[in-house]
Amino acid sequence: MKMQKPRGTHDFLPSEMAKRRFIENIMRQTVENWGYQEIQTPTFENLKLFTLRSGETIVDEIYEFRDKGGRALALRPELTAPVLRLYVEKLQATPKPLKFYYFGNCFRYERPQKGRFREFWHFGVELIGSDRPEADAEVIALASSVLDALELRGDLHVGHLGALRSLMRDLSEEQKNAIMRFIDKRDDEGLRMYLEEIGAPALEESIYALIESEDIDEARGIVGDVPALGHLENILSLLSELGVSYKIDFSIARGLEYYTGMVFEIYAERLGTENQICGGGSYRLAHLFGGEDIPSTGFAFGFDRVVMALGDISLPPQKKVIVVSTKEARVEALKVAHRLRRHFSTNIDLMGRGVKAQLSHANVIGATHAVIVGKRELQARKVTLRDMMTGEQEMLALDEVIERIR
RNA sequence: GCCGGGGUGGGGUAGUUGGCUAUCCUUUGGGACUGUGGAUCCCACGACCCGGGUUCAAAUCUCGGCCCCGGCCCCA
């Protein structure tokens, strides 16, 4: 029986990898220019790191296992918790703010569909140590900047959980979280029934009025002049100054109980149901992992969805050299290839083919240049450079060849 | 976890009222062609997703599983 890869995973062939690396490098360059530094955490962590937070339901989607020492471990389902775990473990006494970025594979046991896999990649940043509007605005603007660098159009929605929460200030945490889930799911009927059940049907009208608010003043008219709105207003005006376009959206609930303030999501076109390519917000997690309470803001791009949303993109052309030789010049050809490999991607025949077949192969693999070494070249102490596009060729010294190809 | 559509060489396919050596294109390797690519011709390699059942006989019918695609649920 033929072996198959596990469900929901992917093999990436050279052309796909070239595209992914190209995209990844643009994202890296962008966040590094904003002063973020790369970190890497383990592929697996203690299971507890992911179950400490809200929602035991998420455990169903975690790849968990016991190692030979009986430790309960889990393949990471996301990277925010590991980064904050790292912060608490090693970096609490370092100058703030801390600005990190990561790119890594994550694992969730979910039903695969378009844009959703069991192994997928997250590219994200975490800004640790500031809860000022400038910090939140920077993270949003950075996400927007990543899209700009990729020349990808995205629909940015920004909200603040404080607005909804202040509407519900008289309810219990449990009730608030339940309502947030209904809103996040856009389950209008479920929400109405729940509000009646807890004896607060009057909330329905104001909740919907808030969700439909299109600016801060409108929201103020509903929930009053609460600090959350002032904070959001500051963030938004900074975004406007930076030329970032956004839509106010108080319906972003994110289902996450550790998100505390600003939240945002970015959607791309052409992706079907799973069209969210980025999610982020400000949160407090460090205290859950045994550290001092500290504010953080971050985002994560679903890298695979970004790749899909970009569709077919043309990559910068690469020089590709192949050294072609006759039998008597094989050793010299190896030396020539060795020299060329200090500068270019260079191939040499490994199949024992004749000159004609070697050139044919060069054509098949898309070589841009062929460097031919044979009896005549040996005698002249030169090599022949052939341009595979034009077919023009000329006998030159090897140093000249390197200059020509470059 | 639920619903729908699928699975034949590496890729794309024909073939199913059960029946001859499973069709064609492409790819790959070799040759025609021992110093010059893209063409042409020839040769070769290579497949019925897995398992059970029905049958003289299964790619074809049937049951279960696995996997793929799309949707639902969920989505830290």
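# A walk through chain A

Chain A has 15 helices and 16 strands; helices (H or I, at least four residues) and strands (E, at least two) are DSSP runs numbered from the N terminus. The radius of gyration of chain A is 28 Å, well over the 22 Å that the globule rule gives for 406 residues, so the chain is more spread out than a compact globule. That radius is taken over C-alpha atoms, and the globule rule is 2.2 Å times the number of residues to the power 0.38. Along the principal axes, the C-alpha trace of chain A spans about 95 × 55 × 45 Å.

This is a predicted model, in which local features need pLDDT of at least 70, side-chain atom pairs count only at pLDDT 80 or more, and totals for chains, interfaces and linings use all residues. Residues are numbered from 1 along each chain as its sequence is written, chains are lettered from A and ligands numbered from 1 in the order in which they are written, and side-chain values use heavy atoms, with hydrogens and water left out.

Of the 406 residues in chain A, 50% are buried. Buried means under 20% relative accessible area, exposed over 50%, and partly exposed in between (1.4 Å probe, protein chains only). Chain A exposes about 21600 Å², and carbon and sulfur atoms supply 49% of this area; accessible areas come from the Shrake-Rupley method with a 1.4 Å probe, and for residues only the protein chains shown count as cover. Among contacts (heavy atoms within 4.5 Å) in chain A between residues at least 6 apart in sequence, 65% join residues at least 24 apart.

Next come the aromatic rings. A search of the whole structure finds 10 aromatic pairs. Rings of Phe, Tyr and Trp (its six-membered ring) pair if their centres lie within 6.5 Å; planes under 30 degrees apart count as stacked, over 60 as edge-to-face and the rest as tilted. Phe 12 and Trp 121 form an edge-to-face pair, 5.6 Å centre to centre with 75 degrees between the planes. This pair links distant parts of the chain: Phe 12 is in the segment before helix 1 (14-33) and Trp 121 is in strand 6 (residues 119-128), 109 residues apart. Phe 12 is partly exposed, with a relative accessible area of 23%, whereas Trp 121 is buried at 17%.

The rings of Phe 264 and Phe 299 have their centres 6.5 Å apart and their planes at 80 degrees, so this pair is edge-to-face. Phe 264 in strand 9 (residues 259-267) and Phe 299 in strand 11 are 35 residues apart, and their pair links distant parts of the chain. Phe 264 counts as buried at 0% relative accessibility, and Phe 299 is buried with a relative accessible area of 2%. Elsewhere, Tyr 101, Phe 103, Phe 123 and Phe 303 form one aromatic cluster.

Strand 11 (residues 296-302) also holds Ser 296. Ser 296 counts as buried, at 1% relative accessibility. Leaving out residues up to four places away in sequence, Ser 296 touches Leu 84, Leu 127, Ile 128, Gly 281, Ser 282 and Tyr 283.

Glu 64 is found in strand 3 (residues 64-66). At 44% relative accessibility, Glu 64 counts as partly exposed. Not counting residues up to four places away in sequence, Glu 64 touches Leu 47, Val 59, Leu 73 and Ala 74.
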